[in-house]
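Colleague: Please take me through this model, starting with what joins its chains.

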There are 4 protein chains.
Amino acid sequence: MRLLLSNDDGCHAPGLTALRAALAEISDDLVTVAPDRNRSGASNSLTLERPLRVNRVAEGLYSVDGTPTDCVHLATTGLFEQDADMVVSGINHGANLGDDVLYSGTVAAATEGRSLGLPAVAISLMGENPRHFDTAARVAVSVVRLLIDHPLPNDTILNVNVPDLAFEELDGFAATRLGNRHRAERLIEDSDPRGRPIFWIGRAGGEADAGPGTDFHAVAQGKVSITPIQIDLTQHNAVSSVGEWVQRL
Amino acid sequence: MRLLLSNDDGCHAPGLTALRAALAEISDDLVTVAPDRNRSGASNSLTLERPLRVNRVAEGLYSVDGTPTDCVHLATTGLFEQDADMVVSGINHGANLGDDVLYSGTVAAATEGRSLGLPAVAISLMGENPRHFDTAARVAVSVVRLLIDHPLPNDTILNVNVPDLAFEELDGFAATRLGNRHRAERLIEDSDPRGRPIFWIGRAGGEADAGPGTDFHAVAQGKVSITPIQIDLTQHNAVSSVGEWVQRL
Amino acid sequence: MRLLLSNDDGCHAPGLTALRAALAEISDDLVTVAPDRNRSGASNSLTLERPLRVNRVAEGLYSVDGTPTDCVHLATTGLFEQDADMVVSGINHGANLGDDVLYSGTVAAATEGRSLGLPAVAISLMGENPRHFDTAARVAVSVVRLLIDHPLPNDTILNVNVPDLAFEELDGFAATRLGNRHRAERLIEDSDPRGRPIFWIGRAGGEADAGPGTDFHAVAQGKVSITPIQIDLTQHNAVSSVGEWVQRL
Amino acid sequence: MRLLLSNDDGCHAPGLTALRAALAEISDDLVTVAPDRNRSGASNSLTLERPLRVNRVAEGLYSVDGTPTDCVHLATTGLFEQDADMVVSGINHGANLGDDVLYSGTVAAATEGRSLGLPAVAISLMGENPRHFDTAARVAVSVVRLLIDHPLPNDTILNVNVPDLAFEELDGFAATRLGNRHRAERLIEDSDPRGRPIFWIGRAGGEADAGPGTDFHAVAQGKVSITPIQIDLTQHNAVSSVGEWVQRL
C-alpha cells in the first residue's frame, strides 16, 4: 500500500511533518512530494509554461518548485517507477470549508489523484494558527485506515476538516455537504513605501449557508467534518434548459 | 449593462482584443481587468501572500500582476465604484473541454463572477494556434445578447467552446455536458544546459468520454458547445453512504 | 548601425516608447528586447533556472519573461542573425544615481552589452513620477549621435541621468563620478490583512557624498549627468595589501 | 562578535549548513538570513515591488522569500535589535570567478554588507557538483578568524574561491585580481512539449584573461583565490576624457 502525500503549505510545514509521522504507522511505503514553499490558494493550477525541478530533501521526501497539483501530477505520471494507491494531502494550516474548497491547493492535490482513479483525502486543521496537529494526524490515521479496509468508490475524494481541539474534546465525525460563504469582503487598498497603490484580496466572507448538514455546522459542533467531493463541474440539471435556450441563438 | 471582461492569456492577447471590440457593439460600458501576462493553467488560484498592483493600460483596460481569479475578484470587491452585471472571459487561445475546465484560468475568471451572483460566460477558441477569433467573437456577441434578453438563473456559468472555423462553416449550437479525457500523458524528463534534470508536465490525455451529449462530441461535429457549469463541488449522492461509512470511525 | 534597446520598466513603459520614437531619427535599424513587465531593481540578475520565452509584440519590439540582463543577453547571443552595434537602455522612470547603479536593471542592461564589446548607454529621467520623457529622449538622441560620430573606447558604459525639466531649462551636461547615499532607511514592518507580519525594503538613503564632481551634484544644478561606468569589480589598489595579509593564513 | 550569514543557494543548502557549523567554532553569536530557495544568478537584485516574509526555520536561521541582497538588507536595517559585525556569504555551490562576480548572488550578499560599512566575505567552492564543503568551511574559518584579528579596511569585500579538493591537497592562498571570460556561449533554442519555442541562457564563456595574477590562474594551481572587491562602479580614469567629449553635446 503506497501512500502519496502532498500539501500546499510547503514541504517543511509542520502539518505535513505531522502527517508523515502519523501515516508511517499504517504503511512503510510513504512517498511525499510537496511544493518547495507555501502555495496556499493555488487551486488546481498546473505549471505549463516552464519545466519543474524536483529536489530530494530527505528519504522519501521530495520538493517541487511548483503547485500542489504539479506535485501530484508528476508523482503519478512517471516520477516514480511504482504507482501510488492513495493520495493524502495536508495537514493544511487552516480550514477548507464551503467555498474555500474551490481555491484550496490542499484539496487540489487530492483531486489530482483522480487522474489515476485513486482514492484521495484532504485534511485540514482549523484556525489561523492551529496547534493540534496531533489531533488532525490521529484523524488522518483513522480515516486512511478505514478507507483501506472499507474502500469507497474509486473516484471518492474526502475533504476532512478537524477542529483545533485535543482529540478527546472532539465530538465525533459527521458526513457533510459544503456550505457557503457570503461574498468576500472588500479589497484592501494601501500604498507601498514609495507611495504607489497596492491592493490585497479581502478576507473570505462569513458563513452564509451554514445550517445543519453543512461542513460549517459540523465543525461548529466540535465534530470532524467529512465531505465527499466530486470534480464533475457540469450542472447536469441545467443542460436541458440550456438546450432549449440555445435554440434561440 | 456593465460587462466585466477578463481572460487568462493576458491583457494584450489577440483573443481578448477581439472580444472587447465585439462586445462594444452590445454595451458602451465595458471594463476589462486581465492578467498582465499569460496565466494559462492558473485555475481558481487566488493571490493571498502578496498585494497586487493594478495598471491602467488604456481607457477601460486594466492589467493586474495576478491570476484571472484575482482580476475578477478585485473588480467585484471594490476596485470600481460601479458593480458589473455580467462577466465574460476569453476568448481563450485553445479549447477548454472536459477535464480542462478544472485547470482553466479562463473558466475560473467566469466562476469568480459567482461571488456577486452574476451571470458569467467563458469563451474558448479551439486549436493550438487558433485563427478565427472573429468567429468566436460573433458567437460571444450572440450568447451575451441572448443572456441579456433571456436570462438564465443567476448562478449560471456557461462554458462555450468554438471550433476554429469560419462562422459560416459552424453547424449551430449544442448544449452539452463535460466529457472526460484519459489520464494525462507521461511527464517529459529532460536536462537543462547545465546538465541538471528538469520535468515538464505531460500533454493532456486524449478523449475518453466523448460520446453524444459531451462537449467533445459537439465540437467534433463543428458545433459550438455550450456547457452549464456549477461550482458546488459536493458529491451529493455520496453524502449518505459516507454517513454510514463514518459510523465505523 | 543597429541599435539594441532595452529597459527595466517593461516593454510597454512610456519611457521606452519615447526612446524608440526618438532613436528612430538616428537609425532605421532599431530592435527592442525588453522585459514583459516591470523589473526595476533586477540588477544584473540572469535567469538560469528556467527557459525564457520571447514574444513579438510589434514590428521590432520583443518582450521576454525575464530580466533586463536576460533580454540583452539573448539579443546578443543568437536571438537575431545580425549583431547590434550599440546598446541603449531606458528611459528609466526615476534616477539611477550613486549607489542606485548597483541595483539598477536599466544600467545592467547596458553593462550586459559589454559581452560584445559594444558601446552602451543607460538613460534615466529623475523623479518618482517623471514627466519630461521628451527631454530625456532628446538627450538620448544627442548622446547616441555623438557616440556614433566620436566613439569612446569600446568598453565604455555611459550612465546618463536627466533632470525632469523642459529641455530648455537644462543647464548643459557634466561628466561626473558616482556619489554615495547614506545607509538605507529602516525596513518597514507591517502586517497583511490576515494579520501576519510582512516587511518592505526601506527607502534608499539620502545623499552622503554629493559634492562637486558627483552625479548628485550635477543634477541638483539642473545639468544632465554623464558618468562613465566600469564593470571590473577588482579593488586593484588593495590586491598587494591583501597579498601580505594572506601570508598569515 | 556577531556574524551574519547568507547565501544564494537557499537556506537548506549543504554549503550554508557547513558554513554555519564551522563558524560556530569562532562565534557563539551567529545569525543566518538566507533565501527560502535557490536564487543563484540573482546578482544585487532588490525586491521593491512586493513585501517580503521572514520565516524562522530554526534557532538562529531565518528564510526570506526574496534575494540574497534582500536577506542582508533586511538583516541590517532593522530585522534584529543587534547589529552584525561581519557578513559571511556562502559556501556557494560552484565557482564565482572573473565575470561571474557580476551575476553572483553570493557575492551580492557580501557587498550588501557595505551599507553598514561591515567587512564581508563571499566563499565559493568550485565545480558543478562540489563535494569538499569541509575544505571550504575550514578556509572560511581561517579567513574570518584572521579578519577578526587583523582587520582590513572597512569597505573590504573578499571574494574567496576554493578548489574542490581535500584541505591537505590545497596549495596555499593567493591574493588575486578578477580574470575575464570569453563572451558567453550561444543561447540554446528548444521547444516545450506543446511545440512552442523556448530559450535558455547559454553557458558562461571559457577563460580569456586567466594569466598569472588572476583568480582563474590561482585556482588552476590548486590555490585558494582571494580577491578584494570594490563596489564603486565609476570608471575614474575616463571621467576627464568623457568631460572633454561632453563639450561637443
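Colleague: How many residue pairs are in polar contact across the interface of chain B and chain A?
Modeller: This is a predicted model, in which local features need pLDDT of at least 70 and side-chain atom pairs count only at pLDDT 80 or more, whereas totals for chains, interfaces and linings use all residues. Residues are numbered from 1 along each chain as its sequence is written, chains are lettered from A and ligands numbered from 1 in the order written, and side-chain values use heavy atoms, without hydrogens or water. A polar contact is a pair of N or O atoms within 3.5 Å, where within protein one must be able to donate a hydrogen and the other to accept it, and residues adjacent in sequence count only if both atoms are side-chain atoms. Across the interface of chain B and chain A, with both residues at pLDDT 80 or more, the number of such pairs is 31.

Colleague: Which residue of chain B meets Arg53(A) in a salt bridge?
Modeller: The rule, a side-chain nitrogen of Lys or Arg within 4 Å of a carboxyl oxygen of Asp or Glu, finds two salt bridges across this interface. In one, 2.8 Å from N to O, the partner of Arg53(A) is Asp192(B).

Colleague: Is Asp9(A) buried or exposed?
Modeller: Asp9(A) sits in the loop between strand S1 (3-6) and helix H1 (14-23) of chain A, helices (H or I, at least four residues) and strands (E, at least two) being DSSP runs numbered from the N terminus. Buried means under 20% relative accessible area, exposed over 50%, and partly exposed in between, with a 1.4 Å probe and protein chains only. Because its relative accessible area is 15%, Asp9(A) is buried.
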